[in-house]
Amino acid sequence: MTEPKRDQLVRPKGTIDVLAPESDRWRMAHRIFEDLAERFGYGLVLTPMFEHTEVFARGVGQDTEVVEKQMYTFVDRGDRSVTLRPEATASVVRALIQSGISGRFKGAYWGPMFRYERPQKGRMRQFYQGGVEYLGSESPEADVEVIEFGYRFLEELRVPGVEVHLNSIGDPTDRAAYRAEITAFLRAHESDLSRDARKRIDTNPMRVLDSKADTEVVKAAPVPIDHLGAAAKEHFETVKAGLEVLNIPYVVDDKLVRGLDYYNRTVWEYIATQFDAAHSAVGGGGRYDGLFEILGGTPTPAVGLAMGIDRILLASDIPLDVPSLDVFVVVVDESLRSEARLLVSELRSGGIRVDMSDVQRSVKAQFKEADRRRSISAVVVGDEWNQDNVTIRDLATGEQSLIGPKEIAQWLKNR
RNA sequence: GUGGCCGUAGCUCAGUCAGGUAGAGCACCGGGUUGUGGUCCCGGGGGUCGCGGGUUCGAACCCCGUCGGCCACCCCA
């Protein structure tokens, strides 16, 4: 990180700037995400980056960490309380309700999310998520498809050592009975619990299960998966069977509960095992059949996920040294500069990645730049131009030949 | 929000313990090779040592504050 000079302006705490070539990886991640979303049949959903605070307060849950202390909330000039979105699911559901769409709907989104917290690697105040929502279906096949989506995304971005941690937290009716049990258990062990855990006994007892400070105590605690109703139980079994059909490995983690209130039944996280716990969760999702109602819509079953792009790129093995140009045009004779410019323009129109120097420089310097820019080839415009030829050099092998300018595209295809 | 470590050139860092007005490698630019990169050699540009204040004849170095980064907790993406 570069430090600011005197009056220099710097970015806000917990935000990042991403420049090339590092941003090449972001571009690639975005392309893979969009491509995957299209292959899976998810249409693009655009929603505002801020909402009326109420959308998240109600949607995410009043007693969640996110709403209690992480929201970027402010009052705008019209005296409305608005909040920078800490996640997108509540927004997408709000949008669906507002546009009056009902029935099956598959949508994908990509963009920045905001949570006010102490930054650390893989945990920023503005971070990026790509996610999909599968709305209007209570079928376990929808759960399986969404889980597969995230798994393939991580596969295509070459994230090693991914584990799918899977659990079911049941339906609200199952949870009422369960809540009484977990509360009683926690009360009985109250003296051994961390302070934070004790505070949660009344507000959100289930979340004590994944508190790292309380792993010992919680080992013997009752877990939601043992308290599923018949319907939720069957749903979960079908989801597991569906994953097996697709050869998607998973581990059932009966302590996995997620931090947002709207989930029911299936919940899961993708864990990058190469990392410590702090930022090993690179994505996660769950079923949220109750959210439409919470936000004032008609009850609609739904399942969705969010992938943490920042963390995924930290874990990804996608290399940086892929070629970023097909051709770098080297101008030998300044009198041919305009011709070279036109050649660059035509090649670009033909879909080829091309660049050249914007000022006169030595041939050596231009070749150096071609190399530094990770170009596949260098095309020399010099004396040979008068015979309607250019010299094209393969920068990896050093081989070069004389070809006509129109043959460049073909040369690239053949190499 | 709590606790700890750290901030010197674009990057990675040395110099801080024993105060005397800044260094290396890499990167960048130019030349050696007046039309050929990735190797080599030579040269060059670039820093009021994160910022502010204090102590001192003198501060990158000592003290205080502040901003930022990293790590753990918390929680999650």
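Predicted model: local features only at pLDDT ≥ 70, side-chain atom pairs only at ≥ 80, totals over all residues.
I started at Gly-41, which sits just after helix H1 and takes a positive phi of about 80°.

Next I backed up into H1 itself. The helix covers residues 22–40, 19 residues in all. I checked its span: 28 Å from the first C-alpha to the last, close to the 27 Å expected at 1.5 Å a residue.

Which residues of H1 are buried? I get Asp-24, Arg-25, Trp-26, Ala-29, Ile-32, Phe-33, Leu-36, Ala-37 and Phe-40.

New entry, on a sheet. I traced five strands in an open sheet with mixed pairing, ordered S13-S12-S14-S15-S16. At the edges are S13 (354–356) and S16 (400–403); each has a single partner strand, so one side of each has no neighbour in the sheet. The twist from one strand to the next averages 25°.

I zoomed in on S12 (residues 325–331) and S14 (residues 375–381). They run parallel and are joined by six bridges. Val-329 stands opposite Val-379 in S14.

Last, the helices on this sheet. H12 (residues 337–349) packs on it, touching S12, S13, S14 and S15 (390–394). I noted that the direction of H12 makes about 160° with that of S13. H13 (residues 363–372) lies across S12, S14 and S15, and I have it running at about 170° to S12.

Conventions
Residues numbered from 1 in each chain as written. Chains lettered and ligands numbered in written order. Heavy atoms only, no water. Helix = DSSP H or I, 4+ residues; strand = E, 2+ residues; numbered from the N terminus. Expected span 1.5 Å × (residues − 1). Buried < 20%, exposed > 50% of the residue type's maximum accessible area, 1.4 Å probe, protein only. Pairing = 2+ DSSP bridges. Axes fitted to C-alpha atoms, helices over the stretch in contact; angles between N-to-C directions. Contact = heavy atoms within 4.5 Å.
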